[in-house]
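Here are a few notes to read with the model open beside you.

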Amino acid sequence: MPANAPGTKKQSQLTNRFEPAFIRGFTCGTVFIAGSPPIRDRNGKLLGVSAVDFSLSELQQYLDRIKLSKTGQIFALERSGLLVASSTPESPFRKMSGNQEPERLNVLDSQTLVLRTAAKYFYDRFGGFGDIKQQQQLKFSRDGEEYFVEVLLFSDSYG
């Protein structure tokens with residue numbers, strides 16, 4: 001979008017960091033992750049913003065098609081612990097009563113045992129998800145089950 005387009009002012013007040021938002025689609029039950037980082041020239045002058053939207057259901061379907069192993073699971077979460085998507089049927093949103101907006105699901109509250117167990121292990125080991133600074137490959141045991149976990153970080157030059 002050009003610098004003078006509607007909605008650009010709000011995005012231009014952001015840092016250069018890609019800060020995604022979760023928005024409801026036009027069709028009932030659809031949710032998108034949207035990002036609109038500002039684009040600036042070398043002097044910092046706002047030129048416009050770039051908008052990208054991804055369907056969370058399509059991301060879930062994509063992750064589900066990746067077959068790691070018979071019991072392997074994949075999940076993506078924000079540094080806050082909020083679930084973005086996973087290879088499980090579990091929604092990253094909790095349904096709320098009435099007309100309330102759906103609430104984001106913290107992975108530590110997941111009903112999926114593998115996700116919740118792996119997330120709790122990393123949360124306890126690192127004191128939170130935001131403190132994981134590099135790729136990790138770890139093996140641990142819980143309740144007689146062995147877990148092999150790999151964490152890949154997604155970030156850009158701004159964080």
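Which are the buried residues of α3?

1. A word before the answer: this is a predicted model, so please read each point with that in mind. The buried residues of α3 are Leu115, Thr117, Ala118, Ala119, Tyr121 and Phe122. Their cover includes the strands β6, β7, β10 (136-142) and β11 (145-151).

2. Now the helix itself. α3 spans residues 113-126, 14 residues in total, and runs 20 Å from its first C-alpha to its last, close to the 20 Å expected at 1.5 Å a residue. Just after α3 comes glycine 127, with a positive phi of about 70°.

3. Serine 86 is worth a look next. This residue sits in strand β7 (residues 83-86). Serine 86 counts as buried because its relative accessible area is 0%, under the 20% cut-off. Beyond its neighbours within four places in sequence, serine 86 is in contact with Gln60, Leu63, Ile74, Phe75 and Leu115. One of these, Leu115, is also among the buried residues of α3.

4. Serine 86 has a polar partner too: its side chain and that of threonine 88 are joined by a polar contact of 2.7 Å.

5. Finally, turn to the surface. Is leucine 68 buried or exposed? Leucine 68 is exposed, with a relative accessible area of 54%, and lies in the loop between α2 (56-65) and β6 (75-77). Together with Tyr62 and Ile66, Leu68 makes a nonpolar surface patch of about 290 Å².

How values were computed:
Residues are numbered from 1 along each chain as its sequence is written. This is a predicted model: local features need pLDDT of at least 70, side-chain atom pairs count only at pLDDT 80 or more; totals for chains, interfaces and linings use all residues. Side-chain values use heavy atoms; hydrogens and water are left out. Patches are made of residues with over 30% relative accessible area and no salt bridge: like charges are joined within 9 Å, nonpolar side chains (Val, Leu, Ile, Met, Phe, Trp, Tyr) within 5 Å. Accessible areas come from the Shrake-Rupley method with a 1.4 Å probe; for residues, only the protein chains shown count as cover. A salt bridge is a side-chain nitrogen of Lys or Arg within 4 Å of a carboxyl oxygen of Asp or Glu. Helices (H or I, at least four residues) and strands (E, at least two) are DSSP runs, numbered from the N terminus. Buried means under 20% relative accessible area, exposed over 50%, partly exposed in between (1.4 Å probe, protein chains only). A polar contact is a pair of N or O atoms within 3.5 Å; within protein, one must be able to donate a hydrogen and the other to accept it, and residues adjacent in sequence count only if both atoms are side-chain atoms. Contact means heavy atoms within 4.5 Å. The expected span of a helix is 1.5 Å times one less than its number of residues.
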